[in-house]
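Look over the fold below before you read on. Then follow the report from the charged pairs to the helices, the rings and the backbone.

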Amino acid sequence: MARGSYAVIYGDLAPEGAVIKLTGHKVDRFEGPAKVFDREEDAFEAVQSGAAGEGDVIIIRHEGPRGGPGMREMLQVTAALKGRKIENVALITDGRFSGASYGFVAGHVSPEAAVGGPIARVRDGDRVTIDVTNRRIDVDADLGARAPTTSDREAPTGVFAKYAVLAASASQGAVTIPNPPPARTADSFQGRPRAASTQTAHEDA
């Protein structure tokens, strides 16, 4: 079946959605243990040292609109994976990726960790499943029974602090206007046909 360059997926880990890249690989399903990091730099060091790699689902959180603040691009970690020739791996973040990213990656996970989203409740070793065919991203754990983690990074100042307070969810465009559009969930699309084109997926995003 023809498909576009990316898709919007939902599930335990992303009730308001995540954007998964479909180009550059042929993977439709991935399952593995979570390796969780609260900043991009920590994940990069783990890949470089071999502490995270083949078979893992690398999760980088607290990099979303408020957590970053500003949704940094996670290109450094995907470049490290490519440099070490690690292919059997998935990367998930509440931050973002660019078109230059490499591998099976899902970004824009919403709600983000900084506001207590499910991604803030994942722990090392949790089994994470990404199912492109069914547009699902789930965790085999009782996330609701856990308290969300908090970031220990230095609090932003100046305009970054202002943005961190005002920014809406990535699912709402990470805008700072007073009345952002409503966040969508998988239930928003019930009864609508799912198209495989990039244009439709972009509209759904």
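## Salt bridges

There are 13 salt bridges in the structure; a salt bridge is a side-chain nitrogen of Lys or Arg within 4 Å of a carboxyl oxygen of Asp or Glu. This is a predicted model: local features need pLDDT of at least 70, side-chain atom pairs count only at pLDDT 80 or more, and totals for chains, interfaces and linings use all residues. Residues are numbered from 1 along each chain as its sequence is written, and side-chain values use heavy atoms, with hydrogens and water left out.

| Pair | N to O distance |
|---|---|
| Arg61 and Asp38 | 2.6 Å |
| Arg39 and Asp152 | 3.0 Å |
| Glu63 and Arg72 | 2.7 Å |

Take Arg61 and Asp38, whose side chains meet in a salt bridge. This pair links distant parts of the chain, 23 residues apart. Arg61 sits in the loop between strand S4 (57-60) and helix H2 (75-83). Asp38 sits in the loop between S3 and helix H1 (40-49). Helices (H or I, at least four residues) and strands (E, at least two) are DSSP runs, numbered from the N terminus.

Are the two partners buried or exposed? Arg61 has 5% relative accessibility, so it counts as buried. Asp38 has 21%, so it counts as partly exposed. The cut-offs are these: buried means under 20% relative accessible area, exposed over 50%, and partly exposed in between (1.4 Å probe, protein chains only).

Next comes the salt bridge of Arg39 with Asp152. Arg39 lies in the loop between S3 and H1, and Asp152 in the loop between strand S8 (136-139) and helix H3 (158-166), so the pair ties together parts that are 113 residues apart in sequence. Asp152 is exposed, at 65% relative accessible area.

Glu63 is buried at 0% relative accessibility, while Arg72 is partly exposed at 30%. Both belong to a network of salt bridges that links Glu40, Glu41, Glu63, Arg72 and Arg153.

## Glu41 and the helix contact

Glu41 is a member of that network. Where does Glu41 lie? Its place is in helix H1. Glu41 counts as partly exposed, at 33% relative accessibility. Leaving out residues up to four places away in sequence, Glu41 touches Glu63 and Arg72; contact means heavy atoms within 4.5 Å.

Now the helices themselves. Two packed helices are described by the angle between their axes and the distance between the axes. The axes of H1 and H2 come within 9 Å and cross at roughly 5°. Axes are lines fitted to C-alpha atoms, for helices over the stretch in contact, and angles run from 0 to 180 degrees between N-to-C directions. H1 and H2 are therefore roughly parallel to each other; that label covers angles under 35 degrees, while over 145 is roughly antiparallel, 65 to 115 roughly perpendicular and the rest oblique.

From H1, the residues Glu40, Ala43, Phe44, Val47 and Gln48 meet Leu75, Gln76, Val77, Ala80 and Leu81 of H2. Seven residues of this contact are nonpolar, two are polar and one is charged. Ala, Val, Leu, Ile, Met, Phe, Trp, Tyr, Cys and Pro count as nonpolar, Asp, Glu, Lys and Arg as charged, and the others, Gly among them, as polar.

## One aromatic pair

The structure holds one aromatic pair. Phe30 and Phe104 form this tilted pair, 6.4 Å centre to centre with 50° between the planes. Rings of Phe, Tyr and Trp (its six-membered ring) pair if their centres lie within 6.5 Å; planes under 30 degrees apart count as stacked, over 60 as edge-to-face and the rest as tilted. Phe30 lies in strand S3 (residues 29-37) and Phe104 in strand S6 (residues 104-110), so the pair ties together parts 74 residues apart in sequence. Both Phe30 and Phe104 are buried.

## Backbone and whole chain

Most residues other than glycine have a negative phi, and most peptide bonds are trans. The bond from Gly68 to Pro69 is cis, with omega near -15°. Another cis bond joins Ser110 and Pro111, with omega about 0°. Met71 has a positive phi, near 60°, and is buried at 8% relative accessible area.

Overall, the protein has four helices and eight strands. Of its 205 residues, 46% count as buried.
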